[in-house]
Amino acid sequence: MIGARALRLEDPVLLRGAGRYAADTYHAGELHMRVVRSPVAHGRVRAVDVADALRLDGVVAAWTYDDVADLPAIGFRLTPREELLPYRQPVLARGVVRYVGEPVAVVFATSAYLAEDAAERVVVEIDQLPAHIDPDADPVAWVDAEQATWAAGLGTPLPEQDSEATRFVTEYGDVEAAFATGAGRIIELDAVIGRHTGVPMECRGLVAHYVEADQELVIDGAAKVPFWNRDAIADVTGLAPSQVVVRETHVGGGFGPRGELYPEDVLVALAAMRLRAPVKWIEDRQEHLLATNHSRGQHHRLRALVEEDGFIRALDATFTLDQGAYVRTHGATVGSLTSSMLPGPYVIPNFRVEAHVRLTHKTPHGTYRSPGRYEGTFARERLVDKIAAELGLGREQVRRRNFIAVEDMPYERPIQAMGTSMVHDSGDYRLLLDKMSEGYDFPGIRAEVAARRAAGEAVGFGFGYFVEKSGIGPVEGARISVDTRGRVSVTCGASSVGQGVDTVLAQVAAETLGIPHDEIRVVRGRTDRFGYGRGAFATRLSVMAGSAVANAAAALRDKAVRVAAHELKVSVEELELADGAVRLVADPGRGLSLAEIARLLEPVCAVEIKEDPGLDADGWFRSDHMTYPYGLHAAVVRLDRGTGQTVVERYLVGYDVGRALNPTLVEGQIAGGVAQGLGGALYEEFLYADDGTPLCTTFMDYLIPTAHEVPPIEILITEDAPSPINPLGVKGAGEGGVTAVAAAIASAVDDALQRPGAITSVPIRPQAVHDLAARATGSRATG
Amino acid sequence: MKPANFEYVRPASLEEALVELAKDPDESKVLAGGQSLVPMMNFRLARPERLIDINRIPLLEGVESVGDRVVIRARTRHLALQNLSMSTPLGSLLRTGAAHVGHLPIRTRGTFGGSIAHCDAASEWCLVAGLLDAEMTVRSQARGTRTIPASDFFWSIFTTAMEPDEILTEVSLPALDDSYRTGIAEFARRAGDFAIVAATGAVQVVDGVVRDARVCLGGVSEVPFRSAAAEQVLLGQEWSPRLLRDAAEAAADEVDPPSDSHGDGEYRRDLVRALLPRALAGAVR
């Protein structure tokens, strides 16, 4: 079953329209929440008057900061560096607004329409202040001492803070000494990655309902990290975590931003308690583009010391990260991951990177699929292309020279990544490049592209190499139960954001139990059905939950065999589990079905055979290290010199995921990732006016690629480097589709222009390509 | 993104619709395909108090030849124009133009007349109307029918010569004979987006010489821009690729395009240089 192109268990329900998304949840008497948002990027709130809103028939409540003054700022879930605490976001603006879209007040009404009418009647008076929108500019004063002290919540007074929230260095070797030798060539590069984000088809939404009879607060619409959010909501509502039931509905995409704890989530939960009514909040698309985390937005400056054969002796890097107006749940995660993943597949014996996380009056920043790696891969691979061009070496040649060798695996890089020590667990980087080059005939593609260029077309071929990370711990668990009819359930704390985790977990269980995966029910995403789960992020569930299910299935098999051996009066060695039954190896006609064994384990009988009642077993998997999948993206692009349009003709991805539990789902992850990567490479960017007004608040201005813009994606999945650190040998596949898209497209555009290093920023806008093409031909291009 | 409260009426005849509209013209809007109006209402950028839905009124859809003119009734859907079986240069222009309008769901619902009355300078139908000196027929309860030529119709972005109590009922275009060739070329960041720049042309070539030349550009000014300079370059000259480039150069010099996040004015000028020859190269095959 593992490795099969098994059909998704999720699809029959979704395709029949029987899915249940957040907005499908309905409770009689529900109230709709509408957030009143700041219309200016920076200002002092003089007054917020809700009286007029409250006069509207059907409006039940309206809150301002004073109504939630007892709530702390939103906490950090990951990478909680203490110096970031003064920059945390209050649930409603506390005297100062810092981005357009910041929640200032909130209204509750009997319909979504009325709530929006009421929100319009809330009068917000703000004295506008100058907006600081350039993270490359010198830091400015950001929060005063009172605000810093409050936001940090440490109980000790803090001084005022400037807009550089943190600056940290990640390093190994001795960069200074390497550069000081004076040997080798210095190659420098600037790379800018635009501000974009994941835009799930389903916007955020949450429905909270306090069920008095059960003394439980039930919250529907969670995604990604229900257990962490449950605990946070328990804290603000004063309930015990066991009284808060957080349930995922179906989730229409996550990608990082969706599912984190935002101010709106706290407000919905709190309102359900205070108003004693079901409260529903469904984010609209404009709110989504203003209020949900943005991401990327980095400026890298790289300086490499390179030997004549292309070997990178040292890399000295610095980057600024445009954090937006607050530091939200991700803490310093993106900056930290950018730093530790910057060397990618290369040895680089001396390495130093300085991260500057800087506040601006824009929507706050968080993770988005392949956080830090999309940005770092773009910068690093641009640099490697530039090294090749300046030294007159082949682009593949320089990469081969710098790869970590397969003989050196596992390879420890003496730095930390997501709080774990960084060990490339396995990988044969050259082999994947060879397989891609041979499988897709890179020399043939190069020849064809060159011939078309000679005939006058502006076409190019480029690629980027990358290392991803996946499977962050610390732990996941699962329980497999067989009922007395023989029906198997897998219950666990995993979350689904639509990626097909149910299918994969069922396949893992089916492998051991010897039954079809679609006979297994997967129950997850509910904090009342399983006690623990760390969530769906960082491409961790196939590794963590998959391994937990594998362990649970093995434990269940052992129990079933033990009971069958007792019943059949044979030894366990004489039995095997196959096709959903325990049989004698020597006489497969003799055996017991799982249903029969489950009946032998009914509580009354179980005591007699000294077993715990029930045919079920728990499995846990703990991991202190991440796994490191790796891959290569390549693209053929055609430029329209007249308009500057970049048309992606071919897109190739090679990805080694150790073991593909379901190749179809791996391909789906890669294809979706490439589409998002193309968005960042060619179309998407949140732009701001000088006064901090966001210019991209609808899909007319924030351009996500459509089916027209995404070519067929050719995918080679390899399993040459199974992970040695989990029982399945698997590495996660969720993010590698996006990681190197900007790098590969930029490389291909350079090639089409025949100007190595021409592209230094993404998205690559038609006007920029047009201007470069016009300069390349020495005259204004037409036709 | 929920609209403010509004009253909704769905008259069964044009006369009834005009009566409804006359009750409070300044606070009413006519709903045809709704592809621009409804999003604007959802963003609360448009807040009509009354919506007059003309979708049930008979005889507002269809394309008809009347002598040397072709009449397109206002509620004709973009998709109907994309599927038009008219084998003339005009038919070709309408089919190509329709294919550039948004995406299939938008073309299925949105209307030719709605697009013209909405008056977005980048819209294909405003361009075609400007190109061919279309005549817009509008009706009101108070003043009956009047016909407005394109040159007087488009005032500025989202603003036309129509009075608030008037409904656009049909648009009349010249039935270009087979000596004409037509074409449209446009550039948008993504398929289906409003064009950053669009160029249309209709050229009559007899014995290799240009007898009539019409050039209209979108995305370079608040209303469809007829390029007199380009037309002047073309007229009376022998047809050649070089002539096309000269015409495009003249058009690019003549326009004074705006700058925005999709490109600055100079880039738009260069788009005119690139696109106009493509539009006209298609025009003379």
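Me: How many helices and strands does chain B have?
Reply: Chain B comes to eleven helices and 14 strands, where helices (H or I, at least four residues) and strands (E, at least two) are DSSP runs numbered from the N terminus. This is a predicted model, where local features need pLDDT of at least 70, side-chain atom pairs count only at pLDDT 80 or more, and totals for chains, interfaces and linings use all residues. Residues are numbered from 1 along each chain as its sequence is written, chains are lettered from A and ligands numbered from 1 in the order in which they are written, and side-chain values use heavy atoms, with hydrogens and water left out.

Me: And what's the radius of gyration of chain B?
Reply: Chain B has 19 Å, which agrees with the value near 19 Å for a compact globule of 285 residues. That radius is taken over C-alpha atoms, and the globule rule is 2.2 Å times the number of residues to the power 0.38. Along the principal axes, the C-alpha atoms of chain B fill a box of roughly 55 × 45 × 30 Å.

Me: Which domains is chain B divided into?
Reply: There are domain 1 (7–53), domain 2 (63–174) and domain 3 (180–283) in chain B, with bounds from an automatic or database domain assignment.

Me: What do domain 1 and domain 2 of chain B bury between them?
Reply: Domain 1 and domain 2 of chain B bury about 1,300 Å², 72% of it on carbon and sulfur atoms. Buried area here is the accessible area (1.4 Å probe) that two parts lose on being put together, summed over both. B:L14, B:L18 and B:Q35 supply 37% of the area that domain 1 of chain B buries against domain 2 of chain B, more than any other three residues.

Me: Nice. How many salt bridges are found across that interface of domain 1 and domain 2 of chain B?
Reply: The rule finds one between domain 1 and domain 2 of chain B, counting a side-chain nitrogen of Lys or Arg within 4 Å of a carboxyl oxygen of Asp or Glu. The side chains of B:E15 and B:R139 meet in a salt bridge at 3.4 Å, N to O. Helix α1 (residues 14–23) of chain B gives the most to the side of domain 1 of chain B that touches domain 2 of chain B, with seven residues.

Me: Switching to the two chains: how many residues are in contact between chain A and chain B?
Reply: 33 residues of chain A are in contact with 28 residues of chain B, contact being heavy atoms within 4.5 Å. Chain A and chain B bury about 2,700 Å² between them, 53% of it on carbon and sulfur atoms.

Me: What about salt bridges between chain A and chain B?
Reply: Five are found across the interface of chain A and chain B. A:E116 forms a salt bridge with B:R44, the closest N and O atoms being 3.6 Å apart. On the side of chain A that touches chain B, α3(A) gives the most, with five residues.

Me: Last one: how far apart are the C-alpha centres of domain 2 and domain 3 of chain A?
Reply: The C-alpha centres of domain 2 and domain 3 of chain A lie 40 Å apart. The contact takes 19 residues from domain 2 of chain A and 18 residues from domain 3 of chain A. The area buried between domain 2 and domain 3 of chain A is about 1,300 Å², of which carbon and sulfur atoms give 67%, and the count of salt bridges between domain 2 and domain 3 of chain A is zero.
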